[in-house]
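Colleague: I am new to reading protein models, and I would like a close look at one part of this one. Could you walk me through the place where the record lists a binding site, and what surrounds it?

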Amino acid sequence: MNGSLYDADKPREACGVAGVWGPAGHHAALVREMLVALQHRGQESVGIAVGTGAALVARHGAGTVAQGMPDLDGLPHGPVAVGHVRYATHGARDGLAGAQPVVLDRPPLALAHNGTLVDPHTAPGAEAIDPARWATDSELMAHLLLARRAAAGVDTSAALHAVLPGLTGAYALVLSDGAQLYGVRDPHGFRPLALGRRGDAWLLASETAAITAVGGEVVRELEPGEVLTIGPHGTASSRVPVPDAKTAACLFEYVYFARADSALSGRSVYQARYRAGQALADYAPVTGSPRPVVVATPETARVAADGYAERSGLRVVQGLLRPGAVGRSFIAGDPAARETTVRRKLAPVAAAVAGQRVVLVDDSLVRGTTMRTVTGLLRRAGAVEVHLRVASPPYRWPCFYGIDTGRPEELLAARLPITELAEQLGCDSVAFLSLDRLLEAAGGDPSGYCTACLTGRYPTAIPAGALAAPATRPQPGTRSGTALASRGTVE
């Protein structure tokens with residue numbers, strides 16, 4: 001996501017959803033522009049469905065918006081449009097498999113989903129849906145909604161209120177029945193969803209940046225558990241009846257997924273990352289002489305690096321540059337192939353780092369599969385020392401709510417104690433921001449975030465046997481600052 005150079009080192013899978021309702025017009029064009037603004041959330045496929053009142057017409061394409069939907073041929077005018085960009089989970093990244101919106105036509109329904117259901121096969125009613133008709137949890141949701149509409153003779157809003165309480169996991173949904181637009185957040189609020197206006201049109205998008213990018217005005221963010229209906233009679237809001245659901249917004253939206261110019265829960269992502277960088281400088285300074293320079297890993301760590309440099313009084317230098325728009329590619333396991341891929345995407349600047357002690361600031365470290373190569377690039381460019389500073393805690397536990405981090409044994413900090421990471425990564429030292437300081441940087445109620453990937457404490461039940469405990473626990477006195485249980489727990 002976010003155009004990261006380190007696809008194999010980062011959390012994967014944070015799709016983007018968008019929708020428009022208004023007087024009949026070419027809303028597909030507006031949705032397409034919002035999807036471009038959300039491109040960092042998904043680059044494997046793109047799709048748009050337009051509602052004409054009684055029917056839905058959809059197009060899907062593989063790759064980025066520009067690649068998969070270079071034009072809008074075949075998409076009609078209508079009062080409503082729904083769009084989706086997809087970043088596939090591990091092992092399901094090819095072509096149009098799983099592309100969204102999911103579109104069913106009897107009766108019409110288009111559903112765009114950001115998130116992941118936990119153990120969808122156990123959802124009430126799933127046993128009655130032919131397994132051959134769905135391959136993803138998003139497709140299952142669409143079929144469950146249509147089945148409820150048909151069985152009870154109810155509208156889409158009533159079907160949502162009947163089906164959603166039986167689902168566990170993360171879902172930010174933008175959907176349409178051809179005439180109206182609906183926005184939904186799960187009761188925990190794992191994934192973001194914002195409401196905006198542009199003239200006489202209503203907008204829905206995964207991030208506020210997508211609304212402002214098309215000249216819209218952000219109205220508010222949907223609340224956890226909210227079902228928002230938008231149509232010719234205005235808007236209507238209701239709640240999914242799930243008692244005792246604890247708010248658990250994904251903390252990694254602030255760390256990595258969201259654009260820096262977005263706001264989450266009314267709080268600036270940019271300011272959160274800048275404060276995290278400042279806190280990292282306080283928490284893990286690099287002392288000694290000569291004074292080091294600060295280098296950011298492009299692009300998502302630049303704001304944290306600026307905060308680190310400002311607080312520590314150090315210079316930021318452009319020691320790593322992206323040579324151009326080279327597209328995405330997943331990192332090969334072979335070390336030589338990995339280095340070739342990283343070199344293609346990343347250029348060290350010898351004039352900036354030669355003879356320097358370097359503080360390399362990154363936003364997160366999940367697998368660590370390419371960081372050793374990045375460190376080597378800096379050293380060969382003349383850096384005499386490389387000190388890695390990460391503006392989030394060690395990532396030790398898998399996510400079940402829409403982020404594909406790979407298997408537990410692939411998580412570097414789950415396999416190695418902090419004291420061994422520097423040698424593994426080829427750095428002179430490694431330090432992470434503590435969880436309490438990251439929560440302080442993000443702002444708001446610390447108990448309102450999901451931190452399962454950092455703590456092993458999950459806000460919902462997870463499938464039996466799905467979690468393997470990390471092989472190591474943090475060493476006493478390390479700078480990780482993160483207390484972990486010996487196995488995953490449910491809060």
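Modeller: Here is a walk through that site, its cavity and some of the surroundings.

First, some ground rules: this is a predicted model, in which local features need pLDDT of at least 70, side-chain atom pairs count only at pLDDT 80 or more, and totals for chains, interfaces and linings use all residues. Residues are numbered from 1 along each chain as its sequence is written, and side-chain values use heavy atoms, with hydrogens and water left out.

Let's begin with the record. An unreviewed UniProt entry lists Cys-250, Cys-399, Cys-450 and Cys-453 under "binding site"; UniProt positions follow the numbering used here, feature names are shortened, and annotations may be inferred rather than shown by experiment.

What is a cavity here? On a 1 Å grid over the protein atoms alone, it is a set of points where a 1.4 Å probe fits but cannot get out, and lining residues have an atom within 4 Å of a point. Of the 14 residues that line the largest cavity, Cys-250, Tyr-395, Cys-399, Cys-450 and Cys-453 are the closest to its centre. Helices α6 (252-257) and α15 each supply at least two residues of that lining; helices (H or I, at least four residues) and strands (E, at least two) are DSSP runs, numbered from the N terminus.

Now let's look at two of the cysteines. Cys-453 sits in helix α15, residues 452-455. Its relative accessible area of 11% makes Cys-453 buried (buried means under 20%, exposed over 50%, partly exposed in between, with a 1.4 Å probe and protein chains only). Not counting residues up to four places away in sequence, Cys-453 touches Phe-252, Pro-394, Tyr-395, Arg-396 and Trp-397, where contact means heavy atoms within 4.5 Å. Cys-399, by comparison, is found in the loop between β22 (385-390) and α12 (412-415).

Rings of Phe, Tyr and Trp (its six-membered ring) pair if their centres lie within 6.5 Å; planes under 30 degrees apart count as stacked, over 60 as edge-to-face and the rest as tilted. The whole structure has eight aromatic pairs. One of them joins Phe-190 and Tyr-401, which are stacked at 4.2 Å centre to centre with 15° between the planes. This pair links distant parts of the chain, 211 residues apart: Phe-190 lies in the loop between β8 (181-185) and β9 (194-198), and Tyr-401 in the loop between β22 and α12. Phe-190 is buried, with a relative accessible area of 1%, and Tyr-401 is buried, also with 1%. Together with Phe-400 and Tyr-458, Phe-190 and Tyr-401 form one aromatic cluster.

How values were computed. 1 Å grid on protein atoms, 1.4 Å probe; cavity = no way out; pocket = protein on both sides within 12 Å on 5 of 7 lines; lining within 4 Å.
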